[in-house]
Structure formats: structure tokens, C-alpha cells
Amino acid sequence: FIVTITRDPVERFASALSFLGMPKQIMDSFDQAVRMGDPLYARYRVPMDWKNLRINYKVEILLNMLEHTLTIAGRKFFFDHNRMFFNNIARDLGFPEEKLGNPLEPTDEKEIDDFIRTLDGEIDLVLIQELFDEGVLALADALHMNQHDVLYILENSSSRHRKATQGTYTAQLSAEIIRKIRQFSRIDCRIYDHFRAKFEARYQVSDKMLADYRASLWRAY
């Protein structure tokens, strides 16, 4: 029985940028662009307080750098050395590394379709991080286990605090920025959208069932 999990590529990208910080190449190129008076960055001043800069500004700067400011050689260097940011679902699930290439270049849609069909045939259950509790219940059902016997512990995550104070990363981003992230992570978005739609169509979890399961987690802890 093969199971895996995917995450909204927009959330994943913003989370990676928040956790890993702005790549040094981007910071150096940004400083140079601001000092040279690039109108794209007219609202910013240097030196930049990268650590405390809000995530929506970090995302906007990084995407603008990749789209408009870096040279072709600079883009290639970035994509070769910063693989944590784009199309990691595809990479982890076996999409050919040499065909991931530069996210700014078009990808063969038929190749993505064929890859998704292959995953459909090889993976028994694809969970969705944004529907994690529903996924645990689906996994328990698939393994013929009592749902109260399947527990998990949340570690290495700031999501509870962030959701209580700011909401999801996506809620902090403009529609245009989200569109750009989805463009850069097109393969991941195709995979995620397919399996999220499939999961939601196949598994219907009632509010009462979720409440009962979550209550059992608190009792277990």
C-alpha cells in the first residue's frame, strides 16, 4: 500500500522562503538594483532588514528578480542551486530532473498528463496537507483501522501560531503574486490540483466525525 502527501504549492513556496530565508544571490542582486535606481524597487531602501520583512514583500521581490532583473545566467544559477522553492512535489515523486529545468520555460502538457496518470496508477492514496485530519481518517479507513488508533504529533511547525495571528501564507499574498507562484510551480500545481480534487470527491468527512477525531487527539495527549 503506497501513500504520500502533497501541499498547496503556493503555501509551500512561501513557507520555504520564510523558513530558509532569502537566497544570498537575490539579496545581493536586489541591493545592486536598488542602488542603481531600478524603478521596479523604488519603494525599497537598502540595507534591507530581510529577517523582519513581511512574507508578501519577500515573495514579491524574489519573483520580480526572477522575472525581470536577473540575467539568463543568473536565473540558471538560481534554479540550479535553489531547488527547494519550485516544483518539489514533482521532483520528489519522480518527474525527470532534466525536464524540470527553468520554470519560466514552457513544459510539455502531455508529459505532465502522462506523469499524473502514472502516479494515479502507482499510488494508492494521496493525502492533502491542508486536509490533514481528513486524510488521517481516510488512511485509517483504507488500512481498516479504528480511527482513534491513528494519532499524530505536530512538530517543527509554526502553523498553529501563524494561523491564530495572521492566517495562511496565501491570505497574505495578492492574486497576482499567487498567479505568478502557480506559474513558476506549474507542474506541482497540476499534480496538487488533480489529487486534491480526487481526494475531495472520494472522501466525504462530516463535521461531527472530524470533531470526534480531534477530541480523541486531545484526550490522547
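A salt bridge here is a side-chain nitrogen of Lys or Arg within 4 Å of a carboxyl oxygen of Asp or Glu. By this rule the structure above holds 17 salt bridges. Please keep in mind that this is a predicted model, in which local features need pLDDT of at least 70 and side-chain atom pairs count only at pLDDT 80 or more, while totals for chains, interfaces and linings use all residues. Residues are numbered from 1 along each chain as its sequence is written, and side-chain values use heavy atoms, leaving out hydrogens and water.

Let us start with Arg91, whose side chain meets that of Glu97 in a salt bridge of 3.0 Å, N to O. Glu97 has a relative accessible area of 33%, which makes this residue partly exposed (buried is under 20% relative accessible area, exposed over 50%, and partly exposed in between, with a 1.4 Å probe and protein chains only).

Now move along to helix 7, residues 109-122, where Arg117 and Asp114 sit three residues apart, about one turn of the helix. (Helices are DSSP runs of H or I with at least four residues, numbered from the N terminus.) The closest N and O atoms of this salt bridge are 2.3 Å apart. Arg117 is exposed at 53% relative accessible area, whereas Asp114, at 28%, is partly exposed.

Arg196 counts as partly exposed at 24% relative accessibility, and Glu200 is partly exposed at 36%.

Methods
Helix = DSSP H or I, 4+ residues; strand = E, 2+ residues; numbered from the N terminus.
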